[in-house]
Amino acid sequence: MKRKEFQRYIDRDQSCPCGCNSTDTLVPQHRVNRGMGGSKLLDRPANIIVLCSLMNGLIESDARAAQLARQYGWKLDRTQKPEDHPVLYRATNEWFFLDNDFQRIKKG
């Protein structure tokens, strides 16, 4: 991902959804995993969030963190469409749907 595109995700998400308020260790995270050589159709804005590198690593290595990520919409399974599942931003305790125009739409 090019820096200019990544900046659009940072501008949309503003900080890590986990609530750590990190702005300097952010990395892109696919909500529905692409997998090795997976479909580039999953490289769309509704499917990508920015997470701090710590939470990103925990989601991949810790069962409890992975469970929270699914509960908060940060991770989805292959059968879920990202546009239909909101993301919790814990710092503000608000849920947002993500669209493919780099927008957050407040739930409810």
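Visitor: Among contacts between residues at least 6 apart in sequence, what share join residues at least 24 apart?
Guide: In this predicted model, 54% of them do. Contact means heavy atoms within 4.5 Å.

Visitor: And how many helices and strands does the chain have?
Guide: Three helices and five strands. Both are DSSP runs: helices are H or I with at least four residues, strands are E with at least two, numbered from the N terminus.

Visitor: What pattern do they follow along the sequence?
Guide: The pattern reads α-β-β-α-α-β-β-β. The radius of gyration, taken over C-alpha atoms, is 13 Å, close to the 13 Å that the globule rule gives for 108 residues, so the chain is as compact as a globular protein of that length. That rule is 2.2 Å times the number of residues to the power 0.38.

Visitor: Which strands make the open sheet?
Guide: Three strands, in the order β3-β4-β5, with antiparallel pairing. Two strands pair if DSSP finds at least two bridges between them. The edge strands are β3 (87-89) and β5 (104-106).

Visitor: How many bridges join β4 to β5?
Guide: Three, with β4 covering residues 94-98. L98 has R104 in β5 as its bridge partner.

Visitor: Switching topic, what percentage of the residues is buried?
Guide: 42% of the 108 residues. Buried means under 20% relative accessible area, with a 1.4 Å probe and protein chains only.

Conventions:
Residues are numbered from 1 along each chain as its sequence is written. This is a predicted model: local features need pLDDT of at least 70, side-chain atom pairs count only at pLDDT 80 or more; totals for chains, interfaces and linings use all residues. Side-chain values use heavy atoms; hydrogens and water are left out. Buried means under 20% relative accessible area, exposed over 50%, partly exposed in between (1.4 Å probe, protein chains only).
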